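The questions below ask how each label was reached. Each answer puts the value beside its definition.

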Amino acid sequence: MRIGICGLGTVGFGVLTLIAKNAEEIRRKTGFVIEIAQVGNRNADPLGLNRQIEVASAKGDTWHISTQFTSDIFDVVRNPDVDVVLELIGGTDVALKLVTEAIRNRKHVVTANKALIAMHGDEIFAQAAAAGVQVRFEAAIAGGIPIVKSIREGLAANRIAWLVGIINGTTNYILTEMEQAGTNLRFEDVLKEAQQLGYAEADPTFDVEGIDAAHKLTILSSIAFGTPLQFAAVYTEGISGITSEDIRYADELGYRIRHLGIARKSENGVELRVHPALIRKEEMLAQVNGVMNAVMVASDSAGRTMYYGAGAGAGPTASAVVADVIDIARSEGSTGIANLGFTPKDIQALPVVAIEEIACPCYLRFSVLDQPGVMAQLSTVLSQHDISIEALIQKDAHGGNAEIVIVTNEVIEKSINASIVEIEALSVVQGDVTRIRIADLHE
Ligand SMILES: NC(=O)c1ccc[n+]([C@@H]2O[C@H](COP(=O)([O-])OP(=O)(O)OC[C@H]3O[C@@H](n4cnc5c(N)ncnc54)[C@H](OP(=O)(O)O)[C@@H]3O)[C@@H](O)[C@H]2O)c1
């Protein structure tokens, strides 16, 4: 099995290290040795080692890999000695051209690029099917967790009802730091700390605004339900509006706040949404802390299963990339498993349920004037929209204001939206109402 690596950054280097470190273990399992035919990177010799690369394990063991280097990654996809191209450059423009050319040259492709698959997967898979090559992307979602394999293969006999995932380590780190600090840590301060620790990018938009999670959810939902990839239809909300007060009130009410990707099949189609949500503390997903990832899948025969592990980093991501290379080698001569786990002719579009039509319980926080009759005004508005109160916290006034937190019954989003508009117009209500959805993991 001769591979060509495009992109020698965190993941590319992780792949080199893993292949060198576990060469013998991989040979024992598969009967073959993975040969690195060529490595392409903008800086052809990023380590200044000239044609030999030294990789080291955490324990300090070192290996030397001899390979051909090139500064033109397109050399790799044209190289007749390369059987499998590893696209590890990131981005979508050059990556799409690279993968398209690799497929045209009848090379199998392994990628860790969620944006590429979420936005261009359907066309890439069609090209690959026509060329008779495989495209694999386990590393694109949840790093070291074999979630694609679990859903596509392990749960192949099931109908999947829903899946809920913590699929972005940066947002999970920020929320759990705010939770564990227990004081008034602000989102902005924790983000800065996450950037210093290397858990957040210098430009954190993709992570904190939920775009990265939406890419991953797009892929997961298509694998779960056999639908085309529809990134543009995912409702996406980030975590920048979450405050330490919300985390504290959620705790008092028996919940934790996590940033979730939710895909659910309903009578009206599929729900595809990424947003912060309260989850009951006793749920396994609520125990997922720091940069870790987890995905819970509800299927009709296996029931609820959960997959947990490191969602990023050189080692975990390389583990998924190299497993894909091994799968391709093991399935040589066959077309392998369908990309989305369903035969391409059976991929069926389903309507995506508009966020306004989604029903879930909600957490609402209001700052109100500390005067009699306020609660009556709030509950009148809520009851006019058929919203009932399941739990309530009222905190003593400070500076003339009181804080009220309400947990509602399950309610259609448009009713909550309408009630929030009316509540914000009440003269006793100060500022905006905070609303966070509550995830029910039992239906
Ligand atoms: N890091 C993770 O933990 C992780 C986890 C899961 C998935 N992924 C995915 O894996 C992919 C790679 O991520 P990464 O963290 O390894 O990125 P990275 O550290 O930035 O590495 C990318 C490498 O590719 C090179 N490159 C980019 N465009 C190129 C071009 N046009 N020609 C030649 N070389 C080019 C870059 O060189 P320059 O530095 O010179 O630009 C860099 O060395 C991304 O799709 C990412 O989403 C990463």
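Q: What distance separates the centres of domain 1 and domain 2, and over which atoms is it taken?
A: The two centres are 29 Å apart, taken over C-alpha atoms. The model is a predicted one, in which local features need pLDDT of at least 70 and side-chain atom pairs count only at pLDDT 80 or more, while totals for chains, interfaces and linings use all residues. Residues are numbered from 1 along each chain as its sequence is written.

Q: Where do the bounds of the domains come from?
A: They come from an automatic or database domain assignment. That assignment gives domain 1 as 2-136, domain 2 as 147-310 and domain 3 as 359-438.

Q: What makes up the contact between domain 1 and domain 2?
A: Domain 1 gives 7 residues and domain 2 gives 8 residues. Two residues are in contact if their C-beta atoms, placed from the backbone, lie within 7 Å. On the domain 1 side there are 4 nonpolar, 1 polar and 2 charged residues. Here Ala, Val, Leu, Ile, Met, Phe, Trp, Tyr, Cys and Pro count as nonpolar, Asp, Glu, Lys and Arg as charged, and the others, Gly among them, as polar.

Q: Why is I412 called partly exposed?
A: I412 has 16 other C-beta atoms within 10 Å. A residue is buried with 20 or more such atoms within 10 Å of its own C-beta, exposed with 12 or fewer, and partly exposed in between. The value of 16 lies in between, so I412 is partly exposed.

Q: What does I412 touch, leaving aside its neighbours within four places in sequence?
A: I412 is in contact with E357 and A359. I412 itself is found in strand β19 (residues 411-412); strands (E, at least two residues) and helices (H or I, at least four) are DSSP runs, numbered from the N terminus.

Q: Why are the buried residues of helix α6 said to line one face?
A: In α6 (residues 147-154), I147, V148 and I151 are buried. Seen down the axis of α6, they fall within an arc of 105°, so they line one face of the helix. The arc is that of the directions from the helix axis to the C-beta atoms. These residues pack against α10 (211-225), β13 (292-299) and β14 (303-310).
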